Amino acid sequence: MKHLKFIALGILFGIILVKSEAIAWFRIQEMFRFQSFHMYGIIGSAVFIGVISIIIIKKFNIKTLSGDPIKLTPKPFNKIGNLTGGVMFGLGWALVGACPGPLYVLLGTGYSIIIIPIISAIIGVIVYGLVKNKLLH
Amino acid sequence: MIDLINQPWPWYVSGPLIGLFIPLLLIIGNKQLGLSSSIKHICAVCLPVKKIPFFNYDSKKEAWNLFLVVGIILGGVVTNYVVDLNYEVLINETTKAELKQIGLTDFKGFIPSELYNWSTTLPNIVLMVIGGFLVGFGTRYANGCTSGHAIMGLSLLNVGSLVAVIGFFIGGLIMTHVLFPLIF
């Protein structure tokens, strides 16, 4: 079962998200009101470790466990899409108080009500799929 | 040790641990961290949407992402089983006072129970629906979310990810400072 490792990594990720309190609506409010360093510290230190890791992987040409070269594909830069989509996501993030990862974690921790924003997020993605070609990116 | 399990972790513990998932996912699975695309894969795998070109791709190749999501949900289940999560997140007192002004009194748990629970009012359900829709539509339009853009994308020094993150904050600040006072 080659996907088992992703379930294992997911479990660890979920536990860390709970213990970080990044899944808390209250923490997201605190962040958007600039009244605590907590969320900035989490995102900032995660990016710091990420940058260092990518540098090390590139410099020492580190391979995957199965010996393949590591693929790093940068996301395309879409001025309008990144910004407009970003603003829309930000509006939703502050309102629901959770981005996709935390939505899943909250569901797991027993907040069954979170199924409502999850279902409407699914609808949002379907609508995007329908109108994608009409949007400027 | 008991404290480590029971107490929330400070940012300088949890942040670097989250960051470590970038090399972990790359080295173990040759995958880039990103969670919002899972919503697209849920559509492609579970719903009859293959006629829409956006969903007509080889979703088997992306199955790993859904397994990661299953794990993340299980991570929540496990933590909830081991630790009492119905505690009050110790946010800044100013934030708490400002949230009291918009009518919140119950600060226990991770989400405000007065706004979001099954016995809430219809307007609050509508807010959840709108918020979820914006999260779904916005992540696809921006091509990523907090994990894919803010953490993975910034780690790769992607310009588009920086633009998206700026967008996240513009949206979040508008919602918090302009729309919240009008809604609540």
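**A walk through chains A and B**

With 13 C-beta neighbours inside 10 Å, Phe34(A) counts as partly exposed. Burial here is a neighbour count on C-beta atoms placed from the backbone: 20 or more others within 10 Å makes a residue buried, 12 or fewer makes it exposed, and anything in between is partly exposed. Phe34(A) sits in the loop between α2 (25-32) and α3 (38-59) of chain A, and has a positive phi of about 50° although it is not a glycine. Most residues other than glycine have a negative phi.

A quick word on the ground rules. This is a predicted model, in which local features need pLDDT of at least 70 and side-chain atom pairs count only at pLDDT 80 or more, while totals for chains, interfaces and linings use all residues. Residues are numbered from 1 along each chain as its sequence is written, with chains lettered from A and ligands numbered from 1 in the order in which they are written.

Now for chain A as a whole. Its secondary structure comes to 6 helices and 0 strands, so along the sequence you read α-α-α-α-α-α; helices (H or I, at least four residues) and strands (E, at least two) are DSSP runs, numbered from the N terminus. Taken along the principal axes, the C-alpha atoms of chain A fill a box of roughly 45 × 40 × 40 Å. Of the 137 residues in chain A, 55% are buried. Among contacts in chain A with a separation of 6 or more, 45% join residues 24 or more positions apart; a contact means that the two C-beta atoms, placed from the backbone, lie within 7 Å.

The axes of α2(A) and α3(A) come within 8 Å and cross at roughly 90°, which makes α2(A) roughly perpendicular to α3(A). Axes are lines fitted to C-alpha atoms, for helices over the stretch in contact, and angles run from 0 to 180 degrees between N-to-C directions. Angles under 35 degrees count as roughly parallel, over 145 as roughly antiparallel, 65 to 115 as roughly perpendicular and the rest as oblique. Arg27(A), Glu30(A) and Met31(A) from α2(A) meet His38(A), Met39(A) and Tyr40(A) from α3(A). By class, the residues of that contact are 3 nonpolar, 1 polar and 2 charged. Here Ala, Val, Leu, Ile, Met, Phe, Trp, Tyr, Cys and Pro are nonpolar, Asp, Glu, Lys and Arg are charged, and the others, Gly among them, are polar.

Further along, Asn61(A) lies in the loop between α3 and α4 (79-96) of chain A. Phi of Asn61(A) is near 50°, again positive in a residue other than glycine. With 8 C-beta neighbours inside 10 Å, Asn61(A) counts as exposed.

Next, where the chains meet. The contact takes 111 residues from chain B and 103 residues from chain A. On the side of chain B that touches chain A, the largest share, 18 residues, comes from α2(B). The residues on that side of chain B divide into 73 nonpolar, 35 polar and 3 charged.

The residues where α6(A) and α6(B) touch are 18 nonpolar, 5 polar and 1 charged.

What about the nonpolar core? The largest one has 90 residues, and those with the most contacts inside it include Phe89(A), Leu106(A) and Ile151(B). Such a core is a set of buried Ala, Val, Leu, Ile, Met, Phe, Trp, Tyr and Cys residues joined through C-beta atoms within 7 Å. Leaving aside neighbours within four places in sequence, Leu106(A) is in contact with residues including Ile23(A), Ile114(A), Phe110(B) and Ile111(B).

Finally, compare two spots in chain B. Ala142(B) belongs to helix α6 of chain B and is buried, with 32 other C-beta atoms within 10 Å. Beyond four places in sequence, Ala142(B) touches residues including Gly85(A), Phe89(A) and Ala164(B). Tyr87(B), in the loop between α4 and α5 of chain B, is partly exposed, with 14 other C-beta atoms within 10 Å.
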